[in-house]
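Please find below my notes for a colleague who is coming to this entry for the first time.

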Amino acid sequence: MNQSQNHTSDHQQAPTPLPSQQAMSAGTLLDSSVNLADYIGVLLEYKWLILILTILSTLGGGFFAALSVPIYQTDVLLQVDEKQSLGMAALSDVTGLFEGEVSTTDEIEILRSRMVLGGAVTKLGLEISAKPKYFPYIGRGIARRFDGAIGVAKPWLGQKEYAWGGEKINVETLEMPENMIGQALTLVAGSAGSYQILDSAGQHFLDGQVGARAEARLGDENPFRLFVSNLKARPGSHCIIKRNAPSTAVRALKSGFSVSAKGKNSGILSLVYTGADKVQLPTVLNTIADIYVRQNVEHNSAEAEKSLFFLAKQLPPLKERVNAAEDAYNAYRIEHGSIDLAYETSAVLTGLVGLDSELSSLQQKRDELRQRFKEIHPTILTLDKNIEQLQKQKSVLEKQADKLPNTQQDILRLSRDVKVNTALYTKLLNTSQELRVAKAGMVGNVRIIDYAAAPNPIKPKKQLIVTIAFMTGLLGGILMALILRSFKGGVEDPNELERVLGLSVYASVMHSDNQTKMTKKRKENNNNIGILAELAP
């Protein structure tokens, strides 16, 4: 039988205690060191308190874990290759001056930009929010019990306006005046697919039917248009619908979206999206990845289009120059007959044609680069130096040509114009055709390695929550037991009296719980209390 150890002590007349003993109080007894047996005794004395607090805390943790909204996560894996220039073939030898390693930081910022995320918001209609109205705090957790059920749950506690499980709503179109954007509107479900719309003040302003467009004119503002494609709800239950501003929808999407690089300068990007809607998560993340890949292709196509536009302006006048040079050359030969070029003239012609072709190529490089860079860019400055050196070499050859006979000079000049213009025109024409083929087969430098799969729950960690709740309840119960014991008076060990006060203890009478019950029963029935040794031997 577990009994406390409060004692009543008898003692003989003892000598007057020493002054130091008189100064000692009952608090001094309680301040003495406590051994392990004392702690175990306290825990056994308050074992029911500790057990109750532990059970309550564990049940509370389990209840919290069961009603918490699960958070899911899914991911997409992308690969970003080194960007290849799709400009003119004439620029192939200088592309290394302005190409570099893949900048994953730039690609991450592009993925998090409004251009990509805003495109996903618009395509999926994420600016429209429509969901059943749940009972505060616990309603959504209770409603999850009916996920996949055919019907809808009956209302709890007579709260018919709340959703208790099985409710669904899909809103395809929600157009409203500017002053209503961001306001939470209430949709009250009716019978046979009908519904009513209440504004933020609770005023009714529209009736509608599922599967049909509903419209209301609100003053001089833009009309209110609503199309509900699906509504599964008990008549009288409420749903909350709202249209957010595009910037608000993008911020909400960005809050659960993250991008990180797999290693340093690896070109592998991991896209992760976290949220409560496990059905919508993969769709949203795959849409973001597709929009990013498409804009990458369009960006590269724009480069090719820009080069094609540049060539389209250069080819017609160059074609006219080729025709004019050929006409002049043929007319000269008809007038003077067939003229053979001397060895010296042929050598000068070959040198001048080569220099003119190279000068034309460098000048075209410069013209295209000027569309991207300023005059002081190092690449353009290098081209200017090369052009200057070639012009000096050309001047030397032209001085040699001036020493030739007049007939040889004329045929040299005409032949030179024909060959240079024809070579340049042919080169640009081939480049234009290559760009058209490249643009038609454009794939970009980004590819999707893994699309988003079925999301996995990451929160809440139910086992961890229950374990923490159990440990909290156990430690809290032990702490409460120690606190209660510290406020409890009395001396349990008669040896403490002899050791501290110097009083001799001859006998002690143990406290009995049965005695307390007998006394209480006597007061209730006015009976004799009886003898404890006889009733509870």
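1. Is I55 buried, partly exposed or exposed? I55 is partly exposed, at a relative accessible area of 43%, where buried means under 20%, exposed over 50% and partly exposed in between, with a 1.4 Å probe and protein chains only. This is a predicted model, in which local features need pLDDT of at least 70 and side-chain atom pairs count only at pLDDT 80 or more, while totals for chains, interfaces and linings use all residues. Residues are numbered from 1 along each chain as its sequence is written, and side-chain values use heavy atoms, with hydrogens and water left out.

2. I55 sits in helix α4, residues 47-67 (helices are DSSP runs of H or I with at least four residues, strands runs of E with at least two, numbered from the N terminus).

3. K262, in the loop that runs between β11 (257-261) and β12 (268-275), is also a partly exposed residue, with a relative accessible area of 48%. Beyond its neighbours within four places in sequence, K262 is in contact (heavy atoms within 4.5 Å) with L77, I268 and S270. L77 lies 185 residues from K262 along the chain, yet their C-alpha atoms are separated by 9.4 Å.
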